[in-house]
Amino acid sequence: MTIRSVLQAITHPRSATEDLAPSPPATPDFAEPLHGSLQLRHVDAGSCNGCELEVASAFGPVYDVERFGTRLVASPRHADALLVTGPVTKNMVGPLEKTFLAMPEPRIVIALGDCARDCGIFRGGYGVEGAVGDILPVDVQIPGCPPHPAAIIEALRGLTGQ
Ligand code: SF4
């Protein structure tokens, strides 16, 4: 994101999101039980923190993804979906699996960022167990290093149907 686009987002917040599609993609079958509301539990499995900055931006006042029915929650027991960033490091395999098992159905898994999708620049690292898909069944992938907030919002709108 350039300084110019940051200033434009601050002074003209609507224009920052006008590149978003006016209507979201069709809701996939596994997301039908969500009824337009998505509670997300985020787990950083070994990220560089770049993806977290963009997630924070997507939930911040400029992009404000909550207006499309998505909310971050503090407990996996309240979550419909698990949002995972980073490659899965060896010490995060257990916590990631426990978080997944603590969630109620439909237990949607979202791999956010290239590291979550295929280990990205950390592939082959001594502390890396694998990509998220090597540990859990991934339903949605959001590519990018890191993904733009607009891409994150588009993917989440695809789940809520809003
Ligand atoms: S995808 Fe890029 S920004 Fe995200 S954790 Fe990996 S290196 Fe960092």
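Two strands are said to pair if DSSP finds at least two bridges between them, and strands themselves are DSSP runs of E with at least two residues, just as helices are DSSP runs of H or I with at least four residues, numbered from the N terminus. The structure is a predicted model, in which local features need pLDDT of at least 70 and side-chain atom pairs count only at pLDDT 80 or more, while totals for chains, interfaces and linings use all residues. Residues are numbered from 1 along each chain as its sequence is written.

The chain contains six helices and seven strands, and their order along the sequence is α-α-β-α-β-β-β-α-β-α-β-β-α. Of its 162 residues, 39% are buried, where buried means that 20 or more other C-beta atoms lie within 10 Å of the residue's own, exposed means 12 or fewer, and partly exposed is in between, with the C-beta atoms placed from the backbone. Two residues count as being in contact if their C-beta atoms, placed from the backbone, lie within 7 Å. Among the contacts between residues at least 6 apart in sequence, 82% join residues at least 24 apart.

Which residues have the most contacts inside the largest nonpolar core? They are Ala81, Leu82, Val84, Ile110, Leu112 and Val132, in a core of 40 residues. At least two residues of this core come from each of β1 (38-44), α3 (50-58), β3 (81-85), β5 (108-112), α5 (114-118) and α6 (149-160). A nonpolar core is a set of buried Ala, Val, Leu, Ile, Met, Phe, Trp, Tyr and Cys residues joined through C-beta atoms within 7 Å. In soluble globular proteins, nonpolar side chains tend to be buried together. Ala81 shows how such contacts bring separate parts of the sequence together, for Ala81 touches Leu38, Leu40, Ile108, Ile110 and Leu159, when residues up to four places away in sequence are not counted.

Helix α3 can be followed in the same way. Its buried residues include Cys51, Glu54, Val55, Ser57 and Ala58. These residues are on the same side of α3 because they cover an arc of only 160° around the axis, the arc being that of the directions from the helix axis to the C-beta atoms. The buried residues of α3 pack against β1, β3, β5 and α6.

The ligand is surrounded by 13 residues, and the closest are Cys48, Gly50, Gly113, Cys115 and Cys145. Helices α3 and α5 are the elements that give two or more residues to this shell. A residue is near a molecule if its C-beta atom, placed from the backbone, lies within 6 Å of it. The shell divides into six nonpolar residues, six polar and one charged, where Ala, Val, Leu, Ile, Met, Phe, Trp, Tyr, Cys and Pro count as nonpolar, Asp, Glu, Lys and Arg as charged, and the others, Gly among them, as polar.

Most residues other than glycine have a negative phi, and most peptide bonds are trans. The peptide bond from Cys145 to Pro146, however, is cis, with omega near -10°, and Pro146 lies in the loop between β7 (140-142) and α6. The peptide bond from Glu105 to Pro106 is also cis, with omega near 20°, and Pro106 is found in the loop between α4 (93-102) and β5. Asn49, in the loop between β1 and α3, has a positive phi of about 90° although it is not a glycine. Cys119, in the loop between α5 and β6 (128-130), likewise has a positive phi, near 80°. Is each of these two residues buried or exposed? Asn49 is exposed, because 11 other C-beta atoms lie within 10 Å, whereas Cys119 is buried, with 21 other C-beta atoms within 10 Å.
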